[in-house]
Every structure is written in structure tokens, then in C-alpha cells.
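Biologist: I'm new to this one. Could you walk me through how to read it?

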Amino acid sequence: MVKLEIRKNAYYDSVTLMLISNELKKLDGIQEALVGMGTDLNCEIAHNIGLETPEFKAVTSNDLFVAVKCEDEATFETARNKLESLLNKKSEAKETDYYTPTLEGAIKIDPELNLAIISVPGKYAAEVTQSCLDRDINVLLFSDNVTIEEERSLKECADRKGLLVMGPDCGTAIINHVPLAFANVVKAGDIGIVAASGTGTQEVSSLIDQLGGGISQVIGTGGRDLKKEIGGLMMKLGLDALVKDPQTKVITLISKPPAREIATEILSLAAKAGKPVVICFIGGDRTEIEAYGLVAALSLEDAAHKAVALSKGETVRDYIEFSMGRVEAQELAKEEAAKLTKGQIYVRGFYTGGTLCDEAMKLMLPKLGHIYSNIPLQPEDKLTDARSGKSYQHTFLDFGDDEFTVGRPHPMIDPSLRAERVITDGKDSECAIIMVDCVIGYGSHDNPAKELSDSIRVAKVSAEAEGRHLLVVASVCGTEGDPQSLSRTQRQLMDAGAVVLPSNAQATRFVELVLSNMR
Amino acid sequence: MKELYAFEQCQMLHKVLLSEQKLLQVHSVFAWAVNLIGDDIFLSILSGRHCLRPMSCIVHSDIPFTTYGVREGFSVMMSVDMIYIPEADLFINLTNSRKCDLSLDTLEGLLITRTLAIKVNILKELIKEKGCENDLSTLITGRYSNPFADLVRKRLPLLQKAIKEGTLPAIEQAASLAGCGIGLTPSSDDLLIGYMSVYLADSKAKGKSSKEAYQITAVLGRKAAEHTNTISGAFLEQCGMGLLFSDMKKLMYALYSDTEAETVRHLGQRIQSIGSTSGTDMLTGIVLAIVNLNDGL
């Protein structure tokens with residue numbers, strides 16, 4: 001049988017064509033093969049050597065054709081696969097360093113593209129985003145420093161067109177199982193997330209993965225989406241998208257508590273989703289959520305547990321336990337507390353993830369009373385000059401906040417400033433416990449645990465030299481599939497003497513146990 | 001915006017751009033060459049790995065053009081000073097490029113020397129060394145058999161007839177030789193380029209009417225272009241008008257002057273580095289033409 005493969009207006013250099021010609025002839029079952037541009041003479045030659053087929057009528061001089069005489073369809077398929085691999089090999093070599101420098105260029109290359117990631121200085125971000133929306137392209141807007149008026153205008157435009165504007169300052173999304181920006185390697189599954197929180201999303205999605213669940217989509221909204229000025233436009237649109245997504249069976253919404261009227265609107269919509277919806281308004285009122293028949297989460301970890309339970313058809317329960325067991329945690333806490341001296345009374349929390357810092361403070365505020373911070377829960381607890389100043393009593397810092405990132409990368413990329421602070425506060429005779437997070441996954445530092453472990457060692461040694469025991473409690477946000485590996489990261493921190501808990505929430509619960517056991 | 005500097009450009013291209021600005025499209029993109037096409041023009045942007053071609057410029061760049069984001073179908077603005085591809089945000093500055101005359105017509109002092117036969121033998125050696133079973137080298141060496149060479153061998157007399165008679169029907173028949181072979185520029189097209197280049201140089205060396213010779217090659221190039229793909233067709237048309245690759249022009253001078261025979265070897269090798277079999281097919285055309293136009297030499 002004679003089979004013909006035509007590539008319209010395809011130009012490959014002669015070396016490639018010659019290689020294809022030679023390789024195809026070597027294949028078992030190929031009796032004859034001819035590769036060339038579809039000129040009259042080449043077609044005539046094909047005819048002369050027994051490769052005639054009516055399909056040649058469609059070939060023009062500017063087309064590449066591959067004609068083969070073979071025994072059967074299977075052999076032709078083998079030849080086609082070989083052709084594909086040789087052409088793709090060439091194409092990969094061509095594309096290795098390829099990037100599109102302009103939006104117009106990208107669209108010309110792929111007119112079907114429908115999602116753009118924008119990371120440009122803030123003052124240009126709105127204009128570039130608008131250009132994408134004008135071309136019906138969804139946007140993940142990584143850039144910050146976009147004014148709230150601009151955000152409102154962009155999101156209203158997107159809402160009218162049914163497009164997503166994920167951001168500004170959106171660091172995490174997973175669309176059709178492709179992680180974007182800071183995201184973790186998670187299993188595909190039926191749990192969809194819409195979130196106004198970057199590391200909060202990473203924590204929930206990673207824990208879902210660890211608990212055996214999987215993710216359908218993660219749609220980020222940007223941290224200000226549920227503010228009154230924006231009206232939760234993208235949270236609503238994202239929720240609607242997941243309601244319509246057949247792959248999504250359970251929906252999880254993550255955010256700080258929204259403005260009241262926005263919360264009402266979101267909860268009303270969620271109640272009509274027709275699918276189970278877990279709401280994690282970190283530190284929010286569970287009564288209001290449950291009044292809508294929705295599942296309220298007490299923490300990011302609890303949200304993950306409940307989403308997985310719903311996905312598996314299991315009973316939903318509040319998760320406030322320890323993976324190691326409550327008794328074991330109690331004993332360990334008692335043991336650690338016993339090592340602390342009388343003057344050691346304060347907890348310090350140094351976070352690279354803003355939501356993780358916020359969650360830790362919300363969970364511990366009832367116990368600690370006041371937590372001084374650059375992102376305080378109470379205005380009076382605002383720590384001035386957090387970057388260069390000293391910690392005060394119970395101090396929790398978000399190292400990803402603006403005052404720490406001016407002129408330097410985000411701490412998830414460059415964790416050095418946080419590492420220095422661990423050493424500095426380790427020298428404080430009143431400091432009893434230092435809490436840290438360690439966020440791994442795409443976008444994060446290659447080995448964030450390395451510098452953190454080194455600083456923990458130094459801090460502990462210097463405390464011991466002064467007759468004190470310094471307790472460091474850590475949690476790692478990530479999965480085993482992440483490039484840095486969850487277990488390898490945890491091991492490094494444990495080897496440095498940190499007590500490592502499997503979630504941010506468990507870390508706070510453990511510290512509360514230690515505090516309860518202190519003299 | 002990325003800016004590249006052209007250090008060499010075809011003088012004819014410069015002249016065309018002096019008279020008017022051009023709006024073009026990217027026709028095809030290769031790692032080291034980008035072809036542009038307009039209503040009445042086909043030209044190339046080349047990296048320094050290539051010798052200068054007719055209607056082309058060579059830029060300083062060690063990075064493949066694909067890396068600059070240039071893709072087929074992109075719009076191109078072109079003036080005497082610059083080439084700008086907005087969708088790739090790529091600007092090519094032509095201002096200080098050296099303008100090279102690639103026209104064979106301006107070659108002075110061409111003559112038939114007694115060393116021509118020696119030089120042809122050198123080219124035959126090169127063809128033998130590098131010829132393979134897929135190209136037309138067998139027309140010289142007789143070493144291989146392939147359907148392309150078989151067909152070209154049959155039609156070669158048509159080419160000889162066209163050159164001899166110079167009539168339109170004969171040229172049209174000869175043009176049907178184009179478009180035969182595996183490569184991007186089919187082997188017979190490369191052979192025709194070699195043949196036409198020699199015909200023009202040989203005519204000039206023998207003091208024959210260059211007008212008559214150009215009339216034949218211009219029609220032959222144009223008609224042959226109709227039988228092949230756009231890229232190869234553009235080279236045939238340019239050659240028909242007497243515009244040659246820079247190395248081909250040098251080789252023509254080396255063949256038809258007192259230049260040392262070893263220079264022919266060097267230039268022949270450079271020609272052979274074009275494409276996969278293109279260079280060897282061009283040399284094959286050169287040898288066939290010299291032999292045919294000089295009584296079997």
C-alpha cells in the first residue's frame with residue numbers, strides 16, 4: 001500500500017529532510033520512501049518509483065510530502081511516528097530558548113491562547129492586563145502595585161466578558177493541572193479551589209495531596225478581591241467556573257474574612273452550587289457559614305481534611321488533632337517545656353508565607369493576648385520598623401510583606417533575611433520558642449531548608465552557650481512530588497534540632513501545648 | 001526592544017530600499033536565517049554563518065533567530081536604515097552595513113584561461129569527495145543511482161538546447177528541470193543555479209553579448225521558479241538576473257581568471273557547505289556547464 005503524509009507550507013532545512021528520508025527507508029516493512037517539497041518533478045518521481053496515489057493532487061510546491069510504500073497500516077503508523085519524532089526533535093531544538101517578547105507575537109504564534117501570566121512593574125500591569133482582556137485572554141496577574149481603582153476596572157471588564165483576572169499580586173494557581181507561579185506538585189483529582197491567598201492555597205492543596213486527595217483547578221483571585229471595593233468579582237466568577245466544571249466535585253473557598261455584604265453574597269452563591277463547598281475564611285465566624293448549609297473550616301489544615309473527606313464520601317469532622325497522636329504531642333510538649341528556663345516567656349513567629357503567618361496569629365491570639373507584628377490582627381499591636389527593629393514580646397513577622405521585600409526578592413526565593421532573624425532572636429534571653437514555616441514547590445528557593453537549618457543550629461548553639469534551650473517549631477508546606485521533596489526538607493529541619501509538624505495549624509497547636517506546660 | 005546590527009548587505013537590496021519603504025511578512029524562520037516576503041520581493045536576514053546571498057543582509061548574532069521570537073506571518077517594516085519586526089520587538093540596524101555588489105555583470109577581466117580544465121578537475125574531486133547517494137553528484141561521478149539524478153540526466157539536453165537556441169519554448173522546457181530532489185532547495189534547482197552562473201560568466205569571458213545571455217537566464221530563472229517552492233524559486237530568479245551568492249561570485253571569478261587553482265578548491269569547499277546537498281549540486285551544475293560550453297573541455 002502507498003500512503004502519503006502532507007505538511008502544508010512547511011519548510012524544513014535540507015539536513016532535516018535528508019535525515020528523515022534516510023531514517024524512513026531503514027524502517028522494517030517500508031519498501032520505498034520519498035521525502036521532498038511537493039514540486040511537479042518530485043511528484044512525478046514518486047509516480048515513477050511506484051508511490052503514486054490520488055492524494056498527490058492536493059500537494060503544492062510549498063508543501064512537504066512524505067510518501068511511503070509499506071506492508072500495512074501499522075507500518076505506516078510506525079513511519080509517521082518516526083517522522084513526527086524527527087520533526088519534533090528539530091522543533092524542540094528550535095524552541096529550546098524561544099520566548100515571545102510581545103503579546104502580539106504570542107497571539108500570532110498561537111491564536112488560540114487564552115491565558116496569560118503577567119509579571120511586569122505595577123505601573124504597566126493594568127495596561128497589559130487590559131490588552132489581554134481586549135483579546136479575550138484570561139490573566140494571572142503576578143504583579144503588585146496595581147491601584148484598587150485599576151483592579152476594579154479590570155475585574156469589571158473581565159466579569160462582563162466572563163474572563164478571569166487572577167490577581168493582582170496573585171502568586172498561585174493550578175489551571176488544568178498546570179501549576180502557575182508558586183505552586184506545588186499535587187495529584188489531579190476532584191477538589192477545586194478558589195482562593196484569595198497564596199500560601200494559604202499552597203497549604204490546603206499540599207495537604208489535600210498528602211491526605212490522598214487530588215486537585216481539579218486552583219483559581220487565585222488576588223488578596224483584595226473580597227474587599228468591598230472589588231466586591232469579590234473573581235471569587236464569584238471562579239466559584240461559578242468550578243460549579244460548571246464536571247471534574248470538580250468538591251469546592252473549597254479560601255480567604256481572610258470578607259466584608260460582610262460580600263461574604264453574604266459569596267455564601268449565598270456557594271449555597272446554590274449543587275456541590276459540597278468548604279469555606280475557609282481564616283479566623284471567620286463558622287456559625288454564619290454553617291447557617292448557609294456550607295462546611296466551615298477552622299484552619300487551612302481543617303479545610304483540606306474536610307475537602308478530602310467530602311471527596312471520598314466520608315463523614316466530615318473538625319480536625320484539631322496531631323498526626324503524631326495527641327498523647328505523643330502532649331509528652332513531647334511537656335518535655336520541651338521542661339527544658340525552658342524561667343525567663344523564657346515569648347514566642348516568635350517568622351514566616352515567609354503571609355497567610356501562614358496570619359493563620360498562626362489568629363489561632364494563637366486567644367492564648368497569647370497580644371501578638372506584635374508587621375501585619376497585626378489588632379491595630380495596637382502594629383510593630384513599627386519591623387525590618388530593622390527588635391522583636392517585642394510575642395512577635396510574628398511576615399517576611400513577604402512589602403517592608404521586607406523592598407529591593408530584594410520574596411523570602412520564598414531568598415530566605416536569608418528570615419534566617420538572620422532566627423539567629424538574632426535566638427540570642428534574646430526572653431525568647432522561648434521560634435516558629436517558622438518552610439514553603440517548597442515551584443517558584444520557591446531550590447533548598448529553602450538549608451539556610452533555615454543552618455540558622456536554627458547557630459541560634460540553638462548560642463542559646464545553649466548561655467544556658468538556655470531554644471525551641472524551634474517548624475512546618476513545611478509542600479508535597480513529596482515537589483522538586484525540593486517534602487520529606488527531604490522536613491529531615492533537614494529535624495536534623496537541625498527543630499520540632500517539625502505536618503501543618504501550620506498543628507505547629508500552632510503544639511506551641512500552645514508547650515506554653516500550657518511552661519512553668 | 002532588541003537591536004541587531006547588520007554588517008553586510010546586498011547592494012541591490014540597498015538600492016531597492018532607497019527608492020521605497022517596504023511592508024513585508026516573515027515567510028519562514030530557520031535557526032540562522034529568516035526569509036521575508038512581499039508583493040514583489042523576497043529577501044533574507046542571515047547570521048554570520050552564511051555567506052551573503054542576493055537580497056539579503058548578514059547580522060551580528062550568535063543566537064538563533066528563533067530565540068528572538070521571530071515567527072512565520074509576523075509583519076515586517078523595512079526602510080533603507082532598518083528592518084523592524086514589531087511582534088518580535090526586533091530591530092535590525094542597517095545603517096553601517098557594508099554594501100556588497102553581488103552582481104556578476106560588474107565582474108571585470110573575466111577570461112578563459114588554460115587552467116580552466118585543471119580547476120574543473122578540482123571541482124570534480126570535491127564532488128567525488130562529498131557527493132552522496134541522494135544528490136546529483138552521480139551525474140559527474142557515475143557512482144550512485146537515484147531517481148532524481150535519473151530524471152535530471154534525461155532532461156539535461158533540454159537545458160543545453162535552451163542555452164543554445166535561446167527561444168522561449170526551449171527555455172520553458174528547460175525550466176521544467178526545476179523542483180527535483182529531496183532538500184528545501186531541490187537538487188535540480190541548485191544545479192540550475194550553478195549552470196546559469198557559469199553560463200553568464202562564460203559568456204562574459206568569451207566577450208559574447210551579455211544582454212542575450214541575461215535574457216535567457218532571466219526567463220529561465222523566472223520560469224524555473226514556477227516549478228519549485230517559494231524559497232528556492234527566489235534564488236533561481238535572483239540568479240537568472242545575475243545576482244549570485246557572494247561565494248559563488250568569487251568562484252566564478254576564480255574560474256574565469258588567472259587566480260590560482262587552489263583558490264577554486266577553497267571556494268568550492270565553501271560552496272559545498274551550503275545546505276545538505278545544495279553546495280555539491282551547485283558544483284555539479286558548474287562542472288556540467290563548463291564542460292558543455294567548452295566542447296567537453
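**Where the chains meet**

Modeller: Let's start with the contact, which takes 35 residues from chain B and 32 residues from chain A. Two residues are in contact if their C-beta atoms, placed from the backbone, lie within 7 Å. Keep in mind that this is a predicted model: local features need pLDDT of at least 70, side-chain atom pairs count only at pLDDT 80 or more, and totals for chains, interfaces and linings use all residues. Residues are numbered from 1 along each chain as its sequence is written, while chains are lettered from A and ligands numbered from 1 in the order in which they are written.

Biologist: How many helices and strands does chain B have?

Modeller: Chain B has eleven helices and nine strands, and chain A comes to 18 helices and 19 strands. Of the 519 residues of chain A, 50% are buried; in chain B, buried residues make up 57% of 297. Buried means that 20 or more other C-beta atoms lie within 10 Å of a residue's own, with C-beta atoms placed from the backbone.

Biologist: And how do I read a pair of packed helices?

Modeller: Two packed helices are described by the angle between their axes and the distance between the axes. Axes are lines fitted to C-alpha atoms, for helices over the stretch in contact, and angles run from 0 to 180 degrees between N-to-C directions. Take α10 (residues 261–272) and α11 (residues 278–293) of chain B: they pack at about 130 degrees, with axes 6 Å apart. They are therefore oblique to each other, since angles under 35 degrees count as roughly parallel, over 145 as roughly antiparallel, 65 to 115 as roughly perpendicular and the rest as oblique.

Biologist: Which residues of α10(B) meet α11(B)?

Modeller: G268(B), I271(B) and Q272(B) do, facing G279(B), T280(B), M282(B) and L283(B).

Technical notes:
Helices (H or I, at least four residues) and strands (E, at least two) are DSSP runs, numbered from the N terminus. A residue is buried if 20 or more other C-beta atoms lie within 10 Å of its own, exposed if 12 or fewer, and partly exposed in between; C-beta atoms are placed from the backbone.
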